Amino acid sequence: MTILIDYDNLGRLKEMRLINIIEQILERSPVTSSNSQVSNCRLYGGWLYRGYKLTDLASKLSAQIRRDFPQVVQVLGQKIKINRPELATSLICDEGNHFPNTFRTRSNLPPLRLESFPFAHCVDKGQCYLSGVHSFFRRKICGHDQCSVTPDDTFYRTEQKLVDSMIVTDLVHLSMFTKEPVVLVSGDDDMWPGIRYALINHVELIHFIPKSIRRRGNPFRKLRSEHYSLKRL
């Protein structure tokens with residue numbers, strides 16, 4: 001069995017130890033009774049920044065992996081060996097070439113629309129604390145005459161890049177070159193092209209959507225396949 005986990009998509013499950021997350025997956029997988037080994041477990045996320053430096057989260061997960069794996073667990077009365085999971089920084093079909101900068105910070109904010117000031121339901125329109133914030137975003141510069149600070153100087157966002165496309169590419173590769181069941185843990189809609197391709201190739205696929213993710217619906221909800229199971233985790 002191969003397990004592909006979109007780690008950032010786990011929601012509240014990220015508070016658990018990795019070994020416990022995998023045990024929950026195995027307990028809910030209908031193919032467990034016919035498999036005695038998790039041959040490959042890959043964790044996908046923005047693990048590298050400033051080139052090839054590990055993020056803090058990647059370092060913590062690496063420490064867990066070294067400490068807790070490989071591991072033999074008892075699931076549904078059966079012993080299952082879990083080989084050492086890996087942080088996916090490359091494709092399964094191209095392990096020697098790692099993608100850098102999959103975790104990035106960006107200073108530019110997405111376009112924002114501002115309501116007119118004063119705001120509805122404001123209890124003190126004459127001394128509203130948000131008036132300065134509103135002016136800052138509307139004028140895109142500090143209100144002080146000698147200050148040149150802009151919103152881009154004060155706010156930033158983080159994002160993952162390449163992660164979804166790596167998962168889909170690995171799904172396609174596995175559907176072509178493996179006979180093992182594949183478990184995918186992700187609630188991201190971007191996974192569906194890879195899922196569909198795997199099913200066309202008759203891969204036994206168990207798809208878990210974390211409960212904390214709002215399910216937008218299966219674009220192939222009318223699909224009837226003995227090879228596919230959709231579950232909540």
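Where in the protein is confidence lowest, and where is it highest? The lowest mean, 77, falls in helix H4 (residues 151–154), while strand E8 has the highest, at 98. This is a predicted model, in which local features need pLDDT of at least 70 and side-chain atom pairs count only at pLDDT 80 or more, whereas totals for chains, interfaces and linings use all residues. Residues are numbered from 1 along each chain as its sequence is written, and side-chain values use heavy atoms, with hydrogens and water left out.

**Confidence**
- The average pLDDT (the predictor's confidence in each residue, from 0 to 100) is 88 for the protein, and 91% of the residues score at least 70.

**Around Ser90**
- You will find Ser90 in the loop between strand E8 (86–87) and strand E9 (103–106).
- Ser90 has a relative accessible area of 6%, so it counts as buried (under 20%, with a 1.4 Å probe and protein chains only).
- From its side chain, Ser90 reaches the backbone oxygen of Glu95 at 3.2 Å.
- Leaving aside residues up to four places away in sequence, Ser90 touches (heavy atoms within 4.5 Å) Arg42, Glu95, Asn97, His98, Phe99, Met166 and Asp170.

**Helices H5 and H6**
- Helix H5 (residues 163–177) packs with helix H6 (residues 192–200) at an angle of about 5 degrees, their axes 8 Å apart.
- The two helices, H5 and H6, are therefore roughly parallel (angles under 35 degrees) to each other.
- On the H5 side, Val168, Leu171, Val172, Ser175 and Met176 meet Gly194, Ile195, Tyr197 and Ala198 of H6.
- Sorted by class, this contact of H5 with H6 holds 7 nonpolar, 2 polar and no charged residues, with Gly counted as polar.

Definitions and conventions. Helices (H or I, at least four residues) and strands (E, at least two) are DSSP runs, numbered from the N terminus. Buried means under 20% relative accessible area, exposed over 50%, partly exposed in between (1.4 Å probe, protein chains only). A polar contact is a pair of N or O atoms within 3.5 Å; within protein, one must be able to donate a hydrogen and the other to accept it, and residues adjacent in sequence count only if both atoms are side-chain atoms. Axes are lines fitted to C-alpha atoms, for helices over the stretch in contact, and angles run from 0 to 180 degrees between N-to-C directions. Angles under 35 degrees count as roughly parallel, over 145 as roughly antiparallel, 65 to 115 as roughly perpendicular and the rest as oblique.
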